[in-house]
Amino acid sequence: MPNPSPPFIPFAVPDLTEAEATAVADVVRDGWINTGPRAKAFEAEFAAAVGAKHGVAVNSCTAALHLAYEALGLHPGDEILVPTMTFTSTAATAWHLGAKPVLVDIRENDETIDVEKAERAVTPRTKAIAPVHYGGQACELDALLDLARRKNLRVVEDAAHAFPASYKGRPIGTFGDVTCFSFYSTKTITTAEGGMACTQDDDLAARMRIMSLHGISKDAWKRYTSEGSWYYEVLAPGFKYNLTDLAAAIGRVQLARAQEMLRKREAIAKRYLEAFDDNDALIVPTVLPDRTHAWHLFSLRLRLEALSLSRDTFLDELKARGIGTSVHYIPLHLQPCYRETFGYRPGDFPVAEDAYRRSVSLPIYSKMSDADVDRVINAILDVVHRGAAA
Ligand SMILES: *Cc1c(COP(=O)(O)O)cnc(C)c1O
């Protein structure tokens, strides 16, 4: 009898244990499911973990970015520099405020924003820069912060991939004016949907806090407890971005497990690097010194010149072998709305386009077994072998 085919290895799976289940059950039992003491505790614990003075818990990283840009005063007519190699929310949230996302190419080695090209894109209207710590590895922060100082730009870090990560021994979370983290289901820690805006600045924190809940001057939960009262003031037309206690309860357990989960991703990354490093058809991610990599992504680049298969066929072949993959990212300047509104065209950012054409992101999450990692490695080597032989 033929062996049954082994189960599909998904691209990403959240790592949830009995501890998260118990934490959620506790919230349900005590009945305070919406924003309250657990969200507050999660803010304090997360901020402490990254060394930030303030953490504002919200329901997504997208919300955190929007709040950060709003608090920094991004207005219609302003420009913000954003790497084209990112998810749409880094740029779209500035666009919501009427600002223009000015896309910038990446550098080849770590695929983060090219700071020299960013400098050339600065105009008198440029107000901010939003670097992305691609894959979980800090961008060249010294050069970027120097540019920001010289050109008087505010810095909002998209750290959706970068918890826990560090640059020159200091955790990501305190370098820019605001640092935005994601707790989406596929990210390095999760609350199903969630995010955190961290800052050292009291005024920015206060503004983001108010705007995260309708522009109201008091936290909702205080209004309904004996310390509060029925009275509130609406100071600005705010958003509805608060994180629930149900989500925060999961987040607190995930936060406590973050280093343990990172150790597992590091071990997987090490195995991938060893397996693929000297393969002529594969380019492994560049690991830079002076950084702790969060290993949210492990994105291979195919040396298509050495293969007779296209990237898309490569992904199909992996799928046929039961391996889930993804592509990070389709550059923003190739997406219809950015092309139609801002006139971007294919060819505008050649480094990002080249990386995109070669991109194959592999599963890397703490729930993977050694056997799963073996299967991914064997499948990749098998597909490469066929592509090279064909
Ligand atoms: C996931 C992600 C976001 C958005 O995070 P959400 O929490 O889903 O809003 C933003 N930027 C990058 C680079 C991401 O990967």
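1. How many bridges join strand 4 to strand 5? Two bridges join strand 4 to strand 5 (residues 154–158), and these strands run parallel; strands here are DSSP E runs of at least two residues, helices are H or I runs of at least four, and both are numbered from the N terminus. Two strands pair if DSSP finds at least two bridges between them. Opposite I129 stands V155 of strand 5. From strand 4 the chain passes through helix 6 (residues 141–151) to strand 5 in a right-handed β-α-β crossover, that is, clockwise from the first strand over the helix to the second with the strands pointing away from the viewer.

2. This is a predicted model, in which local features need pLDDT of at least 70 and side-chain atom pairs count only at pLDDT 80 or more, while totals for chains, interfaces and linings use all residues. Residues are numbered from 1 along each chain as its sequence is written, and side-chain values use heavy atoms, leaving out hydrogens and water.

3. Strand 4 (residues 126–129) also pairs with strand 2 (residues 79–83), in the parallel sense over three bridges. The bridge partner of L81 in strand 4 is I129.

4. S166 has T292 of strand 11 as its bridge partner.

5. R265 belongs to helix 10 (residues 258–276). The side chain of R265 reaches the backbone oxygen of A294 at 2.9 Å, and a polar atom of that side chain lies 3.1 Å from the backbone oxygen of W295.

Conventions. Polar contact = N/O pair within 3.5 Å; in protein donor to acceptor, adjacent residues only side chain to side chain.
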